[in-house]
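Have a look at the structure below, then read on.

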Amino acid sequence: MGTDDQLFNDATHRLTTALAHVDLPEDVLETLKYPKAQLGVSIPVRMDNGELKIFQGYRVRYDDTRGPAKGGVRYHPGVSIDEVQSLAFWMTFKCAALNLPFGGGKGGITVDPKSLSRMELERLSRGYIDAIADFIGPDVDILAPDVYTNPMIMGWMMDQYSIIKRQICRGVVTGKPLAIGGSVGRNTATGMGAFFVIEAMAPKLELIPEKTTVAVQGFGNAGAVVAELLNQVGYKVVAVSDSQGGIYAPQGLDIASIRKHKDASRSMKAVYCDGSVCSIIEHDTITNEELLALDVDVLIPAALENQITADNAQQIKAKYIFEVANGPITSAADAILVESGTTVFPDILVNAGGVTVSYFEWVQNRSGLYWTEAEVQKQLQQKMVEETETIWQIAQTKAISVRTAAYVHALNRIGEAVTAKGTRDYYANHPS
């Protein structure tokens with residue numbers, strides 16, 4: 001097995017585990033063995049200094065049995081076809097678990113976006129759409145923001161697709177600016193969705209906010225939002241980190257102040273503000289690896305995939321892990337965490353708030369009717385809580401992990417869609 005295949009093989013291992021707990025036609029597994037379509041493209045970009053650079057881009061539609069593919073586009077130096085395929089695979093199950101009428105897709109460009117000027121970033125984004133325009137569409141494959149992409153970039157992509165098609169096509173991209181068809185609540189949806197999952201589980205897990213310590217790895221859009229929401233209702237968030245490292249204060253951090261400082265300075269400090277007077281609270285500087293090993297009640301990995309592996313899983317002391325990132329725990333680490341008594345709530349449930357509100361945006365674009373923020377949050381909470389309750393009950397009834405229960409739940413829905421089109425059993429029993 002080559003290194004390029006390892007992430008995808010690890011992702012599909014979860015499917016194999018779940019199959020032991022479902023009774024589905026063979027056609028379902030055959031359908032899910034391979035991605036429906038993969039595209040690799042070269043994107044020429046004229047840099048500000050006149051130099052021509054070629055960037056590699058990808059888009060994968062893994063499955064569209066339940067509807068058009070749906071998934072984000074990430075800009076990162078580590079983007080590869082294996083990563084994109086794995087993320088599209090996860091999106092297939094995430095959409096099914098939340099009962100959204102979508103299949104799974106994902107895209108990305110191998111690039112360090114921080115090294116580009118804004119104009120170079122725009123040319124790259126429009127060039128990506130030029131290259132994949134025939135592969136996507138509002139009823140085929142719908143794009144969304146992911147790592148290092150944002151509403152402005154999504155707006156460029158929607159605009160470029162509309163130029164190519166010679167008509168306004170708002171529904172091809174979600175996560176757009178509000179002024180051109182975006183939905184209120186989309187920027188905070190992933191973090192807020194995770195918050196709703198934690199709040200729904202808190203009574204069952206006997207988590208009392210004021211007595212519950214939390215560490216968040218990844219203080220980007222999703223991680224910062226869930227950290228602040230938990231902080232607001234009394235949870236003691238004792239550590240946060242970004243790609244440069246983290247901060248830790250056993251007495252708890254003021255997350256709103258940290259967010260404000262980071263937005264202003266692009267660095268993290270434990271800042272407490274009272275009017276115009278700010279002071280640095282006493283805190284320790286820690287690495288991302290040290291954050292993961294903290295003795296806390298709740299650990300929230302909200303950065304990139306493969307953060308908890310067989311190498312460091314035994315160091316994890318948290319009682320509960322809520323995966324806000326995609327694939328932060330490897331399958332080998334899962335087994336170690338189960339053995340140690342750590343309960344993991346999986347990414348395909350916990351971080352599904354983003355794609356859920358993307359679905360709301362897609363619906364609003366198609367209807368021309370736009371919802372208030374209160375309506376979006378109410379619908380999001382209802383979706384997240386309902387599916388959390390169902391998945392938890394499956395886990396309890398079958399005595400399986402929450403991750404396996406989420407895949408079982410999603411598989412059953414995908415199975416229903418495959419069966420609706422006819423399976424081997426149907427044709428074998430009705431030959432004429």
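## Before we start

A residue is called buried when its relative accessible area is under 20%, exposed when that value is over 50%, and partly exposed in between. Keep in mind that what you are looking at is a predicted model.

## Salt bridges across the chain

How many salt bridges does a search of the whole structure find? The search turns up 19. Let's walk through a few of them.

Start with Arg-123 and Asp-48, whose closest N and O atoms sit 2.5 Å apart. Arg-123 has 28% relative accessibility, so Arg-123 counts as partly exposed. Asp-48 is partly exposed too, with a value of 47%.

## Charges tucked inside

Next up is the salt bridge between Glu-361 and Lys-176, with 2.6 Å between the closest N and O atoms. Glu-361 is part of helix α12 (residues 353-367) and Lys-176 is in the loop between α5 (151-165) and α6 (189-205), so this pair ties together parts that are 185 residues apart in sequence. Are these two partners buried or exposed? Glu-361 is buried, because its relative accessibility is 0%, and Lys-176 is buried with a relative accessible area of 4%.

Glu-387 and Arg-413 make another salt bridge, and here the closest N and O atoms are 3.3 Å apart. The bridge runs from helix α13 (residues 373-398), which holds Glu-387, to helix α14 (residues 402-420), which holds Arg-413; the two residues are 26 residues apart. Glu-387 is buried at a relative accessible area of 2%. Arg-413, at 16% relative accessibility, also counts as buried.

Some salt bridges share partners. That is how Arg-74, Glu-83, Lys-106, Asp-146 and Glu-305 come to be joined into one network.

## Rings meeting rings

On to the aromatic side chains, where the count comes to 11 aromatic pairs. One of them is edge-to-face: Phe-102 and Tyr-359, with 5.7 Å from centre to centre and 85 degrees between the planes. With a relative accessible area of 0%, Phe-102 is buried.

Tyr-359 also pairs with Phe-360. Their ring centres are 5.9 Å apart and their planes meet at 50 degrees, so this pair is tilted. Phe-360 is buried, with a relative accessible area of 3%. Ring pairs go on to link Phe-102, Tyr-359, Phe-360, Trp-362 and Trp-371 into a cluster.

## A charge over a ring

There is one more ring contact to look at. Arg-61 lies over the face of Phe-135, 4.3 Å from the ring centre.

## What about the cysteines?

A disulfide is a covalent bond between the sulfur atoms of two cysteines. How many disulfides does the count come to here? The answer is zero. As for the cysteines themselves, Cys-95 is buried with a relative accessible area of 0%, and Cys-169 is buried with a value of 10%.

Terms used. Residues numbered from 1 in each chain as written. Predicted model: local features only at pLDDT ≥ 70, side-chain atom pairs only at ≥ 80, totals over all residues. Heavy atoms only, no water. Salt bridge = Lys/Arg side-chain N within 4 Å of Asp/Glu carboxyl O. Buried < 20%, exposed > 50% of the residue type's maximum accessible area, 1.4 Å probe, protein only. Helix = DSSP H or I, 4+ residues; strand = E, 2+ residues; numbered from the N terminus. Phe/Tyr/Trp six-rings, centres within 6.5 Å; stacked < 30°, edge-to-face > 60°. Lys NZ or Arg CZ within 6 Å of the ring centre and 35° of its normal. Disulfide = S-S within 2.5 Å.
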